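Reader: I've got a new structure open and I'd like to learn how to read it. Can you walk me through some features, one at a time?

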Amino acid sequence: MSEVKLFSGTNSKQLAEKIAKHYGKKLGDLTMSKFSDGEMSPSFNESVRGCTVFLIQSTNPSADNLLELCLMIDAAKRASAYKVCAVIPYYGYARQDRKDRPRVSIAAKLVANILTSAGADRIMTCDLHAGQIQGFFDLPLDHLNGSAIFVPYLERLDTKNLIFAAPDVGGVARARSYAKHFEVEMVVCDKHRKRANEVASMQVIGDVEGKDVVLVDDLVDTAGTLCKAAQIIMDKGALSVRAIATHGVLSGKAYENIENSVLQELVITDTIPVKQSSEKIRVITVSDLFAKAIHAVTGNTSISALFI
């Protein structure tokens, strides 16, 4: 079996260190040099010849994070690595997965092409915005599920009147899987957008009166949808509303929106580094989940045990 080595990009250094610790190895030595104009140049400071290399980097915008990962992949391939696996806790541009209006890019497919062209032999990621994005790749893709992290957390809360809610129609399948596991009901918040990051109207389909509601989503960006959904749910008679979202993009006025909302708490993971702290935001790590997945891949064992 080839030697396994783990390296990190600059965007996911803290998470990568945790993954390496859970895996039982130190992160490999890699230098990311920059020219004065921002041009990046990665170099491995140790041999990767014949090694199975895991490169850990979330590709949230700016595009530098994606380009940095591609440069790392290319450097590893040119250094004669046996296999290169791109570990992408947050797969950026996944929201652009189809042509929903004329003359737009399918960015999620373009990113898949870029990573493949760079030389990746395998992709490992978590909670894609749409599961069908796996089909954009003609190489193995391990799609981990954040429920492995969130379900144990919710079970510890021991909430009596639990019910799950999808913040939009697109999240119904995700919320239904949680409701099925806990054997409870679910509701749907039907929203209409005028433009990106701006909700025009929303209504709740289902009964939330007297319930402790958990909103389920794959990511939270400006938090406008979550906060509006939480307010409407509370107006419908819910006892409390909390939200779980795998990827905390948290851009724009997200922190302000969350602080001023009726949300009891927002639980996210560390797939994206958190920019600032908030009493309402709780961060739980996916490092153990990814470390177990890497062990399964390198040991040629099933990763199905990681799914709930």
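Author: Helices (H or I, at least four residues) and strands (E, at least two) are DSSP runs, numbered from the N terminus. Here, helix 2 (residues 64-78) and helix 3 (residues 107-118) have axes that come within 8 Å and cross at roughly 25 degrees. An axis is a line fitted to C-alpha atoms, for helices over the stretch in contact, and angles run from 0 to 180 degrees between N-to-C directions. One caution: this is a predicted model, where local features need pLDDT of at least 70, side-chain atom pairs count only at pLDDT 80 or more, and totals for chains, interfaces and linings use all residues. Residues are numbered from 1 along each chain as its sequence is written, and side-chain values use heavy atoms, with hydrogens and water left out.

Reader: What do I call the arrangement of helix 2 and helix 3?

Author: Angles under 35 degrees count as roughly parallel, over 145 as roughly antiparallel, 65 to 115 as roughly perpendicular and the rest as oblique. Helix 2 and helix 3 are therefore roughly parallel to each other.

Reader: Which residues in helix 2 and helix 3 meet?

Author: Contact means heavy atoms within 4.5 Å. From helix 2 come L66, L69, C70, I73, D74 and K77, and they meet V111, I114, L115 and A118 in helix 3. By class, that contact of helix 2 with helix 3 has eight nonpolar, no polar and two charged residues. For the classes, Ala, Val, Leu, Ile, Met, Phe, Trp, Tyr, Cys and Pro count as nonpolar, Asp, Glu, Lys and Arg as charged, and the others, Gly among them, as polar.

Reader: At what angle do helix 1 and helix 8 cross?

Author: Helix 1 (residues 13-23) and helix 8 (residues 287-298) cross at roughly 55 degrees, and their axes come within 8 Å. Helix 1 and helix 8 are therefore oblique to each other. A crossing also has a hand: left-handed if the near helix is turned anticlockwise from the far one by less than a right angle, and right-handed if clockwise. The one between helix 1 and helix 8 is right-handed. Its contact holds six nonpolar, four polar and two charged residues.

Reader: And how do helix 4 and helix 5 pack?

Author: Helix 4 (residues 147-157) and helix 5 (residues 172-182) pack at an angle of about 45 degrees, with axes 12 Å apart. That makes helix 4 oblique to helix 5. Helix 4 passes helix 5 in a right-handed crossing. S147, F150, V151, L154 and E155 in helix 4 meet Y178, H181 and F182 in helix 5.

Reader: Which element gives the most to the lining of the second largest pocket?

Author: Strand 5 does, with three residues. That pocket has a volume of about 300 Å³. Of its 15 lining residues, T52, Y82, K83, V297 and N300 lie nearest its centre.

Note on methods
On a 1 Å grid over the protein atoms alone, a cavity is a set of points where a 1.4 Å probe fits but cannot get out, and a pocket is an open set with protein on both sides within 12 Å along at least five of seven lines; lining residues have an atom within 4 Å of a point. Grid points are joined across faces, edges and corners, and a volume is the space filled by probe spheres set on the points.
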